[in-house]
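Hello,

Here is the structure you are taking over. The sequence and coordinates come first, and my notes follow.

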Amino acid sequence: MDVAGEGWHVVDLSNGLESVAVAIESSSTVLTFPEFQYSPENVQGPGCTVDLSEVTLPGCPCLFHSCLTESCCCLQAHGQAYDITGTMLDLNRTDTGYSSPVFECNVLCSCSDSCSNRVVQRGLRLRLEVYRTRNRGWGVRTLEPIKHGTFVCEYAGEVISFDEARHRQLAQKSEENNYIIAVREHAGTGSIIETFVDPDMVGNVGRFLNHSCLPNLFMLPVRVHSMVPRLALFAGRDIDAQEELTFDYSGGYSNQPPAELLSTKSDVAMQASSTNGLQRKVCRCGAKNCSQFLPLDLSVLN
Ligand SMILES: [Zn+2]
Ligand SMILES: [Zn+2]
Ligand SMILES: [Zn+2]
């Protein structure tokens, strides 16, 4: 779909589904583009028993333009994640190895649509471009500078069951690069919530993001109205226009050990790879701390 901009034309990868067009580098459009169905949000996939549109989280009765920590039950129950401009407040939250989930105001909340506790649900706001990288296939870069802590995009796809995720991973050929992200959250009383998101057949711009061992984005599960989290990517530092956007597929960030939240333990994963015949993919991120291989996603959960 061609969208007329200010004197220039961009092909919108999202076909108008995002509020900002997702550009495709013009010289790349002649190349074969992977076939997939664009969806700005997660969709219910095989084995997922939760209706993602169902509202299962409570709302707040706040009548303010924007919710206040002193009086808002949403903010009191889960803590304030964003500042007044919608920027992530605790920028060190992934450095500890743990990150607490974020709960945004939802459709049951009586605050306005511009409440600062509504960020990921507003969707893509930045001009991003999918382009052909020099040696790593497709990638995503930003066409504008991004401030540290800003929400960039979701990693959206089919939400599938563990069995389906395992089945799909084993069926993957080694040259395919789409990652089924496994998010494992510890929910207080020893129980663990696992979410599997596969962007291969249905996904958003996030499916084109490359892995880096020294990424500039970090991932956090964000909940709006459903207990099924959205996998939201935020800027881990100030990012310049034209920089490639990357995240650590294993969930680690800023040279810290991978967050427990999105865990792949490489030693266990290596073992799994030898038993399952999975090929480890070489990492070409070029970072000084590069671990030489891409993380294995699900194998650790076998
Ligand atoms: Zn609110
Ligand atoms: Zn409120
Ligand atoms: Zn609320």
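This is a predicted model: local features need pLDDT of at least 70, side-chain atom pairs count only at pLDDT 80 or more; totals for chains, interfaces and linings use all residues.

Asparagine 42 sits in the loop that links β4 (37-38) to β5 (43-44). Apart from neighbours within four places in sequence, the contacts of asparagine 42 are Leu52, Ala156, Gly157, Val159, Val197, Val228 and Arg230. Glutamate 154 is 112 residues away from asparagine 42 along the chain, yet 8.9 Å separates their C-alpha atoms.

**The open sheet**

An open sheet is built from 4 strands, ordered β6-β14-β15-β9, with mixed pairing. The edges are taken by β6 (102-103) and β9 (151-154); each has a single partner strand, so one side of each has no neighbour in the sheet. Valine 102 has valine 222 in β14 as its bridge partner.

**Strand β16 and its partners**

Which strands pair with β16, and in what sense? Strand β8 (residues 138-142) pairs with strand β16 (residues 244-247) in the antiparallel sense, over 2 bridges. In that pairing, valine 140 is opposite leucine 245 of β16. Strand β13 (residues 210-211) also pairs with β16 over 2 bridges, but in the parallel sense. Here asparagine 210 is opposite threonine 246 of β16.

Regards

Definitions and conventions: Residues are numbered from 1 along each chain as its sequence is written. Chains are lettered from A and ligands numbered from 1 in the order in which they are written. Two strands pair if DSSP finds at least two bridges between them. Two residues are in contact if their C-beta atoms, placed from the backbone, lie within 7 Å.
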